[in-house]
Amino acid sequence: MASSIFGIGVSGLNAANLGLTVTGHNIVNGGTPGYSRQNIVQSAPYPQLSGSGFVGLGVRVDEIRRSYDQFLTRNVQTAQAQSSYYNQLLSHLSEVDNIVADPTAGVTPALQDFFSAIQNVATNPSNAPSRQALLSSAQTLVNRFQVFDQRLTELRDNLNGELTNTTSSINAISKQIAELNNQIAVQGGSGHPPNDLLDQRDELVKQLNTFVKATATTQEDGSINVFIGNGQSLVVGNQPFELGVEASPGDPRRLSIVYKQNNNVVFLPENQLTGGKLQGLLDFRSKTLDTAQSSLNQIAMATTQAINTQQRAGIDLTGALGTGMFGFKTDPVSGAPVLGSVLSNTGNTGNAQVTGYVADVGQLTASNYELAFDGTNYVVTRQSDKQKTVLSPAAMAAGPVVDGIKLSIASGSMNAGDRFTVSPTDGFIRGLSVSMTDPNRVAAAGPVIASAPKTNTGSLTYSQPAVTVPVTDATWKPGATLQNPMTINFTSPTSFTITDPVTGLPGPAQAYTPGMTVSANGWSMKLDGTPAAGDTVKIGPNTNGDADGRNALAMAGLQTQKLMNKGSVSFQDAYGQMVSAVGVQTNDAKIMADAQDTVLGQAEDARASVAGVNLDEEAANLLRYQQAYQAASKVIQIAQEAFQSILQIAN
């Protein structure tokens, strides 16, 4: 009997000691990330049959169990992926927003100052300081464009580094998970779960979701398989797989995420990598950074090309037709801005060389394009909305113009599956300069002027001729005969002829109505009043341009004209739209980041309600197990005393 009491006391002592150990382990790990509270599971052993019935044999500890709910843990991991995504996106959006939305150092005030300087020249065309101030404002505008473009380029370069670091972090975590899988599978053979290792692995999966959304499935041996994207295996048992970054096949300057398996490299579509910092970086690049930088280049191209075109429609103080104020790389034949970049896909098998230029900046969008050949037709895809333009071989040979972009295959041929990435404005700002250094070369005056002889007897009035300038047509040049003398001759009060600028012979008779606009030889002018037969108006070269600001007024008027995005916005409106779009994206990201932080906090609280360590509860457990330990010790003491009494009786 004493021996059975002794055994019961020892079992109780062991159970209480284990309870104290587990409770102490909980207390010291209360602040350990991912730790799940543990407790002992006790039961009574199978009793022993005696003559008086079944006699208990004490207590045993069946298991040390962690307080764990897989659904609550999974909720935390999912919430972590979304929270990290929006916070990463917000961080980078805020950087762009701070760059483009600066109210004092932004592009908008520089544009305003530039056009104000043009207006000053129009008001006083012969004033040298006003002309010099215009060239200074032009340089300031170019500098402002280039500073902003450089800052956006720096963000792009930094993003490439972040992509590299993020994939390295993902690979490091996946290796740790694989190592823990191996340890758990080995130790799980004991029949008892290795609780601390399981907690460490769950915490690693949560950390992994900080970088990319990952899902895990548990296997029979206790290991887990981890998947990302469209089911790509990141960890299978004790085997980790790697992500990496490689130059994109369509643009070697752009890093893409690749999946490495069995010495093979697979490029992962960006839309498959959801959640976490990785998606935040990719979405920021494709949805904000690309658009902002392309828009900035587009605005710079539209503004400077329009000014250059209008410059060519006037004459300067030397009496010569105007030349471009801004310098940028142009097509040698058309004089239009060349395409920023046309990149051949690394998988192309043909030998085609694709070139082109921006024929109409007014039709241009802020998107990149892809030119592909499917074996029958050529397909131009606008990347921003995936709109396709299908071109037959004949249409392609004719040099099609799509969204203002003229494309041509300069040499070679495309094979089926070949594709090219076309970035119309890429790098435009980097190559932009103010090419005009002499303020006398500002073409403020109109190239032709109208005059009427004093011998006219009617009451005819007229406006000075304005040159018809399609400023969004980058290939426009003034006609060679623009300044040739011409005469409007009224054969009667209701009809007139205009002489040919080359032959000087009268053209066909035209009907006259007061207030009408007459157009000829690249210029137009308004006629009004009542002419008499024999009245004339002579149009000839302007030789007194120092007091003429007509062309400068036309340049100043470009500020408010809707010359961009298919005639829908002005230069400043387009910039404002870009700033507004970035601002809206930033605000939306902030709202979602705050919301997802709240969701993550609630998920962690829900998990903590089950798995968290409550120090008050653990303190109570310490007292309980201490008392149980003392009581079990007392049982052993009494058993020993009883055994000694038996021995004394026997002696």
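A crossing of two helices is left-handed if the near helix is turned anticlockwise from the far one by less than a right angle, and right-handed if clockwise. The model here is predicted, so to speak a calculated one: local features need pLDDT of at least 70, side-chain atom pairs count only at pLDDT 80 or more, and totals for chains, interfaces and linings use all residues. Residues are numbered from 1 along each chain as its sequence is written, and side-chain values use heavy atoms, leaving out hydrogens and water.

**Exercise 1.** Describe how helix 2 and helix 6 cross.

Step 1: Find helix 2 at residues 70–100 and helix 6 at residues 276–311; helices are DSSP runs of H or I with at least four residues, numbered from the N terminus.

Step 2: Their axes come within 7 Å and cross at roughly 30 degrees.

Step 3: Angles under 35 degrees count as roughly parallel, and therefore helix 2 and helix 6 are roughly parallel to each other.

Step 4: The crossing of helix 2 and helix 6 is right-handed.

**Exercise 2.** Which residues make the contact, and how do they divide?

Step 1: Contact means heavy atoms within 4.5 Å. Helix 2 contributes residues including Y85 and L89, while those of helix 6 include L281 and F284.

Step 2: The contact residues divide into eight nonpolar, seven polar and two charged.

**Exercise 3.** Describe the chain as a whole.

Step 1: The C-alpha atoms fill a box of roughly 160 × 50 × 40 Å along the principal axes.

Step 2: Buried residues (under 20% relative accessible area, 1.4 Å probe, protein chains only) make up 46% of the 651 residues.

Key:
Axes are lines fitted to C-alpha atoms, for helices over the stretch in contact, and angles run from 0 to 180 degrees between N-to-C directions. Helices (H or I, at least four residues) and strands (E, at least two) are DSSP runs, numbered from the N terminus. Angles under 35 degrees count as roughly parallel, over 145 as roughly antiparallel, 65 to 115 as roughly perpendicular and the rest as oblique. Ala, Val, Leu, Ile, Met, Phe, Trp, Tyr, Cys and Pro count as nonpolar, Asp, Glu, Lys and Arg as charged, and the others, Gly among them, as polar. Buried means under 20% relative accessible area, exposed over 50%, partly exposed in between (1.4 Å probe, protein chains only).
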